[in-house]
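Trainee: I have not looked at this one before. Can you take me through it?

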Amino acid sequence: MSETAKPAPTLRTMVTHRFGASTLPKRQPLSWKPALGHIVAGSGPGVGVLARLMDTPPEGRVEGVILGSDAADLPDTIARTEDSARFAARLTDCLENAPMGAELYAAGPEAFLTEVQRIATAAGFPPDAVMTERAGSAARDCQCAHCKAVIRGLTHRFCICPACGLSLLVRDHFSPRLGLYQAVAISPTDPRIAIYRETVLE
């Protein structure tokens, strides 16, 4: 009896098999959850996502903060700032003073979403109460797993660490504590580097 043919491995399954399980954050269209409080955070194209979400306001208080100068028609309880530090402080204040069972909704580029998740983790906000929808760039902020240098705005699976010079593979492993994806060393003679160089992060 012939064995069932196994499907050819994809790049993602190759990366997962060699370097460990994926902890890729779930991104999905935002929708209101039943809650007494709703906290929103947006940046760039994500502000438009929040505006559409507000077309059908939920029950319960809505507050939050926008990073940037977008003038979308949002409630006065949603602050706006172009300063990253003020954004983090405002969001932290909202999270720490939120009513029990509050939900967090974030929309924007990937690097923005991972920063929001880092802020939420630092504030002790429940991970299962954080919903995220990517709107805009998929570029990731990563950490070299070896010298701990932070490399921002990576758009492809392969990079060279600007600090230690190692050849790195960007994994689908995300650290909520750091707000960064992890990049691990691969041999500079690995024949798959040519493939990784061309593989766009999604």
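Mentor: We will go from the overall fold to the helices, then to single residues and the pockets. Keep in mind that this is a predicted model.

Trainee: How many helices and strands does the protein have?

Mentor: There are five helices and ten strands. The protein has 202 residues, and 47% of them count as buried.

Trainee: And what share of the contacts join residues at least 24 apart?

Mentor: That share is 59%, taken among contacts between residues at least 6 apart in sequence.

Trainee: Let's do helix 2. Is it mostly covered or mostly open?

Mentor: Helix 2 covers residues 46–53 and is mostly covered, with six of its eight residues buried. Those are Gly46, Val47, Val49, Leu50, Ala51 and Leu53.

Trainee: Which strands do they pack against?

Mentor: The buried residues of helix 2 pack against strand 1 (37–43), strand 2 (61–67), strand 4 (103–108) and strand 5.

Trainee: What about Pro45, where is that found?

Mentor: Pro45 is in the loop between strand 1 and helix 2. Its relative accessibility is 48%, so Pro45 counts as partly exposed; the cut-off for exposed is over 50%.

Trainee: Which residues is Pro45 in contact with, leaving aside its neighbours within four places?

Mentor: Ala135 and Gly136. Pro45 and Ala135 are 90 residues apart along the chain, yet their C-alpha atoms are separated by 5.4 Å.

Trainee: Changing topic: how far does helix 4 reach from its first C-alpha to its last?

Mentor: Helix 4 has 13 residues and reaches 19 Å, which is close to the 18 Å expected at 1.5 Å a residue.

Trainee: Which of its residues are buried?

Mentor: In helix 4 the buried residues are Glu110, Phe112, Leu113, Thr114, Val116, Gln117, Ile119 and Ala120. As background, residues three or four places apart in an α-helix point the same way, because there are 3.6 residues a turn.

Trainee: What comes just after helix 4?

Mentor: Gly124 is found there, with a positive phi of about 75°.

Trainee: Now Thr132. Buried or exposed?

Mentor: Thr132 has a relative accessible area of 3%, so it is buried. Thr132 sits in strand 5.

Trainee: What does its side chain make a polar contact with?

Mentor: The partner is the side chain of Arg27, at 2.7 Å.

Trainee: On to pockets. What is the volume of the largest pocket?

Mentor: About 320 Å³. Its lining has 14 residues, and Lys26, Gln117, Pro127, Asp128 and Val130 lie nearest the centre.

Trainee: Which elements supply at least two residues of that lining?

Mentor: Helix 4 (110–122) and strand 5 (130–134) each do. By class, the lining of the largest pocket has seven nonpolar, four polar and three charged residues.

Trainee: And the second largest pocket, how many residues line that?

Mentor: The second largest pocket is lined by 17 residues, with Ala111, Phe112, Glu115, Asp141 and Arg152 nearest its centre. Its space is about 260 Å³.

Trainee: Which element gives the most to that lining?

Mentor: Helix 4, with five residues. Helix 3 (84–96) and strand 7 (150–154) also supply at least two residues each. The classes in the lining of the second largest pocket are nine nonpolar, four polar and four charged.

Notes: Residues numbered from 1 in each chain as written. Predicted model: local features only at pLDDT ≥ 70, side-chain atom pairs only at ≥ 80, totals over all residues. Heavy atoms only, no water. 1 Å grid on protein atoms, 1.4 Å probe; cavity = no way out; pocket = protein on both sides within 12 Å on 5 of 7 lines; lining within 4 Å. Points joined across faces, edges and corners; volume = space filled by probe spheres on them. Helix = DSSP H or I, 4+ residues; strand = E, 2+ residues; numbered from the N terminus. Nonpolar A, V, L, I, M, F, W, Y, C, P; charged D, E, K, R; others polar. Expected span 1.5 Å × (residues − 1). Buried < 20%, exposed > 50% of the residue type's maximum accessible area, 1.4 Å probe, protein only. Polar contact = N/O pair within 3.5 Å; in protein donor to acceptor, adjacent residues only side chain to side chain. Contact = heavy atoms within 4.5 Å.
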